[in-house]
Amino acid sequence: MIPSVKAPGGNTRGLLAYLYGPGAHDEHHDPHIVASFSPRGLPDPGREEDATLTQLGRILDEPVHVRNSGFGKKVTGHVWHCPVRAAPEDRYLSDAEWGEIARRIVHAAGIAPDGDPLACRWIAVRHADDHIHILATTVREDGRRPKIHNCGMRAQNEARAIERELGLRQITPGDRTAERRPSQAEMHKAERLGWEQTSREWLQQRIRAAIPHAHSVEELLAYLEADGVEIKIRRFPSGDLTGYSVGRPGDRKADGEQVYISGSKIAPDLSLPQLQARLATGTPEEHPTARRTQPTTTWHRATDALDTLHDNLTNPDPDTSGGSDGGIRSTADNQAQAQIAALGEIIEATAQVGPAELRAELRAATVAFARAQRSRIRADHHAAAGLRQAARDIVDADDGRDGSGIAALITALVWAAILAGRWHQAHGHRQQAEAARATAAHLQTAYDQAAAQQIAALTHRQPSRDITHTLAGEVRSAVPEHADRILADPNWPALATVLADAQAGGHRPRTLLAEAAARRELATARLPAKVLVGRIQHTSRNPAPNRRAEAARMRSHAAGNLPHPRTPQPSPASPNPAADAQHRRR
């Protein structure tokens with residue numbers, strides 16, 4: 001159940017005309033009052049032939065007219081409007097139930113507290129099965145204005161209680177960092193123009209798609225303009241940016257003027273200050289796992305970068321103080337929030353350049369994760385420089401992208417999304433946690449598609465029975481708590497092939513299994529062997545170093561650095577040998 005408090009209006013009669021009218025698409029049926037401020041009832045134009053909208057409007061506006069007829073500042077913007085909508089899967093609610101819901105909402109919002117005879121006047125009109133509209137005039141009977149600051153949040157909290165008591169769908173409470181929902185007018189306009197998305201949704205996806213391509217806000221706006229987005233920039237006299245707005249081609253007002261929407265009104269993290277902080281990150285430090293002896297693909301480098309996110313979300317470092325940010329303290333939570341935001345950029349970049357057959361699920365993952373990228377915790381974007389660089393590398397790369405590489409990256413993204421969801425859940429970010437779980441589901445589907453052919457080929461090359469039996473023993477030694485599930489997984493033959501290949505390259509299967517299990521918790525994995533296939537292929541892609549050769553090289557290097565014994569050199573001839581001899585005798 002969603003109560004949605006609208007911006008204050010000034011025309012009570014006009015809003016009543018909409019509530020009792022047919023609607024923009026003839027969707028209003030049997031409009032009538034289900035509750036009101038008056039215990040004796042009010043004239044209802046939907047049910048009484050003699051009742052008129054003007055009559056009802058005058059009754060509701062009477063306290064406003066009384067106050068405005070006296071001295072002092074006139075009241076404007078006095079119309080409070082709050083639609084309350086049930087979820088599509090909720091049961092049918094009777095008029096009596098909707099009436100009680102309306103009374104609880106106006107009480108929680110501060111419009112008409114229970115037991116207050118001087119509260120504001122209000123009505124609740126029902127013209128559809130799934131929602132009502134509450135209309136109130138915000139002047140009390142004693143002439144004072146009601147205390148309705150933060151009324152939207154209070155109405156939402158009351159709606160959560162109503163859902164529990166009436167057995168309705170439980171809506172996840174927000175933290176005021178969600179993007180703005182498209183208005184009814186925006187949705188109707190998109191439908192009229194034949195667009196699948198509203199302009200607000202279309203623009204948000206374009207901006208997020210451009211972020212991995214940009215190193216600054218100026219580059220971002222240039223990229224958007226080249227992509228066909230209408231751009232309007234505001235600058236200080238010095239030339240520095242002070243704001244930006246974007247518009248969708250073809251989205252025009254009635255007078256033909258282009259419609260522009262500022263980034264902050266599309267989503268909180270797309271405001272100019274947020275984008276400037278996000279894009280102004282320095283050169284990342286090289287992650288230890290990125291130092292490879294052989295060339296590696298973009299997919300594998302991105303998988304290496306994701307290891308930093310795993311480290312910070314599971315083993316956060318102690319708080320550290322920043323130096324370049326004016327002394328603002330950078331905590332582990334600030335770093336984790338930044339890395340989760342950068343994770344969204346890697347998912348976005350992968351969706352842009354990944355295999356065509358995977359892009360539908362990857363695109364769905366990108367859209368879902370947009371809600372998980374931000375919270376009330378301030379992000380320290382410098383901590384995510386490595387992840388952001390990985391996203392840029394993906395969209396800029398022109399090297400080959402092997403099938404095992406993309407599968408390894410997507411399985412790493414699945415785990416990263418799960419970790420992000422757990423982090424949000426631990427911090428009480430329920431909407432973000434839900435978005436992260438939806439993202440993980442889409443990514444898991446993409447991984448299943450990416451790995452299907454590869455798993456089949458690996459299964460076909462399954463090692464001999466004796467080798468498989470030996471490798472099963474390695475599994476039981478390395479991860480005894482998960483061994484039964486791994487060996488019962490239909491993908492075990494493919495994992496056995498990967499382990500045999502890694503062993504042929506000089507790796508120890510037991511070590512690879514232990515490291516992979518430490519990186520990716522297996523208790524919640526539906527198919528643990530399949531999870532391990534991607535991870536072990538990634539970590540074993542290069543031959544293991546020859547320990548004896550490495551030791552010999554180190555000894556040779558150490559010997560080469562020892563000082564050579566010096567051969568005594570004759571002293572230069574003295575210009576006065578007699579004096580020298582006399583000096584030595586002394």
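Two strands count as paired if DSSP finds at least two bridges between them, and strands (E, at least two residues) and helices (H or I, at least four) are DSSP runs numbered from the N terminus. This is a predicted model, in which local features need pLDDT of at least 70 and side-chain atom pairs count only at pLDDT 80 or more, while totals for chains, interfaces and linings use all residues. Residues are numbered from 1 along each chain as its sequence is written, and side-chain values use heavy atoms, with hydrogens and water left out.

**View A. The open sheet has five strands in the order β1-β3-β5-β4-β2, with antiparallel pairing.** At its edges lie β1 (2-3) and β2 (32-36), each of which pairs on one side only. Strand β3 (residues 79-85) is joined to strand β5 (residues 131-137) by seven bridges in the antiparallel sense, and His81 stands opposite Leu135 of β5.

**View B. Helix α3 (residues 95-109) lies across β1, β2, β3, β4 and β5.** Its direction runs at about 50° to β2, where angles run from 0 to 180 degrees between N-to-C directions and axes are lines fitted to C-alpha atoms, for helices over the stretch in contact. Contact here means heavy atoms within 4.5 Å.

**View C. Helix α10 (residues 332-353) packs with helix α12 (residues 385-396) at an angle of about 10°, their axes being 8 Å apart.** The two helices, α10 and α12, are therefore roughly parallel to each other, a term for angles under 35 degrees. Among the residues that meet are Gln339, Ala342 and Ile346 in α10 and Leu387, Arg388 and Ile394 in α12.

Terms used
Angles under 35 degrees count as roughly parallel, over 145 as roughly antiparallel, 65 to 115 as roughly perpendicular and the rest as oblique.
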